[in-house]
Amino acid sequence: MAHDHHGSHHHHDHSHAHDHAGHSHAPDSFGWAFAVGASLNAAFVAAELIFGYAANSLALISDAVHNLSDVIALLLAWGGAWLAQKQPTQRHTYGYRRASILAALFNAGLLLVAVGGIIVEAINRLQEPAPVAGWTVVAVAALGIAINGGTALLFMRGRHGDLNVRGAYLHMAADAGVSFGVVVAALVIMFAGWLWVDPAISLAIAGVVLVSGWGLARDSVNLALDGVPRGIELAKVRDYLGALDGVSEVHDLHIWAMSTNETALTAHLVRPDGSDDAFLHRVCEELSHRFNIHHATLQIESSGAVCKLAPAERV
């Protein structure tokens, strides 16, 4: 839809075009994926804690702590995705889309805190090695490979379009790899007697969590600060808009995330010959297809000289 408003005091043609074709919202089926993933991982956390203490395996216990943070992360991401689908209100005119960004930001912090706890316990165990019940660890960790790997598959097809879904996929895929590492550690301890391998694997787990948590933190902080979402280059968008037929200048260009899977854009285009609905719709469709920007608001001006927001330093 396009709206043309003629301002009597600015002599501008304020044209706002919003194109909602091709939104990359996560499909409704991901609600089911979140439910299944959270339930399976919650049950697995309980099993890991019980058998980890029984087997005296720090690797198993540290993996349980990590998986507990993933259960919370799945629940928060699920809640954020649900809130993001709620309709706008008179007080929240964008709806609750940003809740998905806040969920991702909180999840990133949770992961980084878990890293610290695992590292402290691993260092203590390195100083005071303890025997491990190997076959128990192998059995439980093998179950973890199946559960985490299966959960990762539930989110695989949505990992490119939504930060929450991508976070869930990366967490689960990494956990499957970590569980494999725990199996290897238990086998090495049983056959070689190297007790230090248990805390060493725990440190490796911490490294995996740190890498995935840092990436999630970087992206979620960027979105929370209204940064340009990853995968979109501001310069290329500016060049595209500036090369449009009849456009002589582009200013006050802003690109930010409305949610973890929806990007918005506002820009002033100086077009001396004016505009029409066909021009606006064509530009919005191109922004959607080329740059994955689905909510564009364009203000058409006949002269950039009278716009107070034309200087680059003005926001």
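Predicted model: local features only at pLDDT ≥ 70, side-chain atom pairs only at ≥ 80, totals over all residues.
Biologist: Is Asn-292 buried, partly exposed or exposed?
Modeller: Buried means under 20% relative accessible area, exposed means over 50%, and partly exposed is in between (1.4 Å probe, protein chains only). Asn-292 has a relative accessibility of 38%, so its label is partly exposed.

Biologist: What is the phi of Asn-292?
Modeller: Asn-292 is not a glycine, yet its phi is positive. The value for Asn-292 is about 60°.

Biologist: And what is the phi of Asp-252?
Modeller: Asp-252 is placed in strand S3 (residues 249-259). Its relative accessible area is 14%, so Asp-252 is buried. Asp-252 is not a glycine either, and its positive phi is about 50°.

Biologist: Zooming out, what pattern does the protein chain follow along the sequence?
Modeller: The protein chain has 8 helices and 5 strands. Read along the sequence, they come in the order β-β-α-α-α-α-α-α-α-β-β-α-β.

Biologist: How much of the protein chain counts as buried?
Modeller: First, a word on contacts, meaning heavy atoms within 4.5 Å. Among contacts with a separation of 6 or more, 73% join residues 24 or more positions apart. As for burial, the protein chain has 315 residues, and the buried share is 48%.

Biologist: On to the rings: how many aromatic pairs does the count give?
Modeller: Rings of Phe, Tyr and Trp (its six-membered ring) pair if their centres lie within 6.5 Å, with planes under 30 degrees apart called stacked, over 60 edge-to-face and the rest tilted. By that rule, the number of aromatic pairs is 3.

Biologist: Is the pair of Phe-34 and Phe-155 stacked, tilted or edge-to-face?
Modeller: The ring centres of Phe-34 and Phe-155 are 5.0 Å apart. Their planes meet at 50°, so the label is tilted.

Biologist: How many residues apart are Phe-34 and Phe-155?
Modeller: Phe-34 is buried at 2% relative accessibility, and Phe-155 is buried too, at 0%. The pair links distant parts of the chain, with Phe-34 in helix H1 (residues 29-55) and Phe-155 in helix H4 (residues 134-155). Their separation is 121 residues.

Biologist: How far apart in sequence are the parts tied together by Tyr-240 and Phe-291?
Modeller: The ring centres of Tyr-240 and Phe-291 are 6.0 Å apart with planes at 55°, so this pair is tilted. Tyr-240 counts as buried at 10% relative accessibility, and Phe-291 does at 15%. Tyr-240 lies in helix H7 (residues 234-242) and Phe-291 in helix H8 (residues 277-291), so the parts tied together are separated by 51 residues.

Biologist: Which residues of H5 make the contact with H3?
Modeller: On the H3 side, the contact uses Ser-100, Ala-103, Ala-104 and Leu-111. On the H5 side, the residues are Leu-163, Asn-164 and His-171.

Biologist: What about H3 and H6: roughly parallel or roughly antiparallel?
Modeller: H3 and helix H6 (residues 197-224) have axes 8 Å apart and pack at about 160°. The two are therefore roughly antiparallel.

Biologist: How far apart in space are Gly-177 and Ile-205?
Modeller: Gly-177 is in helix H5 and counts as partly exposed at 43% relative accessibility. Gly-177 and Ile-205 are 28 residues apart in sequence, and C-alpha to C-alpha the distance is 9.2 Å.

Biologist: Last one: what separates the C-alpha atoms of His-281 and Ala-296?
Modeller: His-281 is in helix H8 and is partly exposed, with a relative accessible area of 30%. His-281 and Ala-296 are 15 residues apart along the chain, and their C-alpha separation is 9.9 Å.

Notes
Residues numbered from 1 in each chain as written. Heavy atoms only, no water. Helix = DSSP H or I, 4+ residues; strand = E, 2+ residues; numbered from the N terminus. Axes fitted to C-alpha atoms, helices over the stretch in contact; angles between N-to-C directions. Parallel < 35°, antiparallel > 145°, perpendicular 65-115°, else oblique.
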